Amino acid sequence: MSTLGLKLRELRKQAGLSLRKAAMQIDIDVAILSKMERGERKFSKELVLKLAEVYKVNSDKLIIDFLSEKVFYELKDEDFGIEALKVAEKKLKNRKTL
């Protein structure tokens, strides 16, 4: 199960919403949201933002979790994943100083 999926499931429960009610509010099928919460299907950034709004939570940390999972799944089986991540970090830092 994905960390993001677990976190969003917990936020849904804290908001007092059933899976069905949450899915209806963001206009997706219940089965799809269930699979996302279990880590069997990936979230989109847009969906994470919608869920943050529905659950009435700040989206910043959720987007960070979304992006980190995205990067992890892209690099997890790569021999040079850590090195590539370090290079990408430098590029991101340089981009912000321009």
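In this predicted model, helix H1 (residues 3-14) and helix H5 have axes that come within 9 Å and cross at roughly 155 degrees. Angles over 145 degrees count as roughly antiparallel, and H1 and H5 are therefore roughly antiparallel to each other. On the H1 side, the residues that meet H5 are Thr-3, Leu-4, Lys-7, Leu-8 and Leu-11. Their partners in H5 are Lys-61, Leu-62, Asp-65, Phe-66 and Glu-69. Sorted by class, this contact has 5 nonpolar, 1 polar and 4 charged residues.

Let's stop at one of these residues, Asp-65, which belongs to helix H5 (residues 60-75). Is Asp-65 buried or exposed? With a relative accessible area of 9%, Asp-65 is buried, because the cut-off for buried is under 20%. Leaving aside residues up to four places away in sequence, Asp-65 touches Leu-4 and Lys-7. With Lys-7 there is also a polar contact of 2.5 Å between the two side chains.

Now for the other helix pair. The axes of helix H2 (residues 19-26) and helix H3 (residues 30-37) come within 9 Å and cross at roughly 110 degrees, which makes H2 roughly perpendicular to H3. From H2, the contact draws on Leu-19, Arg-20, Ala-22, Ala-23 and Ile-26; from H3, it draws on Val-30, Leu-33, Ser-34 and Glu-37. This contact has 6 nonpolar, 1 polar and 2 charged residues.

| Helix pair | Axes come within | Crossing angle |
|---|---|---|
| H1 and H5 | 9 Å | roughly 155 degrees |
| H2 and H3 | 9 Å | roughly 110 degrees |

Methods
Residues are numbered from 1 along each chain as its sequence is written. This is a predicted model: local features need pLDDT of at least 70, side-chain atom pairs count only at pLDDT 80 or more; totals for chains, interfaces and linings use all residues. Side-chain values use heavy atoms; hydrogens and water are left out. Helices (H or I, at least four residues) and strands (E, at least two) are DSSP runs, numbered from the N terminus. Buried means under 20% relative accessible area, exposed over 50%, partly exposed in between (1.4 Å probe, protein chains only). A polar contact is a pair of N or O atoms within 3.5 Å; within protein, one must be able to donate a hydrogen and the other to accept it, and residues adjacent in sequence count only if both atoms are side-chain atoms. Contact means heavy atoms within 4.5 Å. Axes are lines fitted to C-alpha atoms, for helices over the stretch in contact, and angles run from 0 to 180 degrees between N-to-C directions. Angles under 35 degrees count as roughly parallel, over 145 as roughly antiparallel, 65 to 115 as roughly perpendicular and the rest as oblique. Ala, Val, Leu, Ile, Met, Phe, Trp, Tyr, Cys and Pro count as nonpolar, Asp, Glu, Lys and Arg as charged, and the others, Gly among them, as polar.
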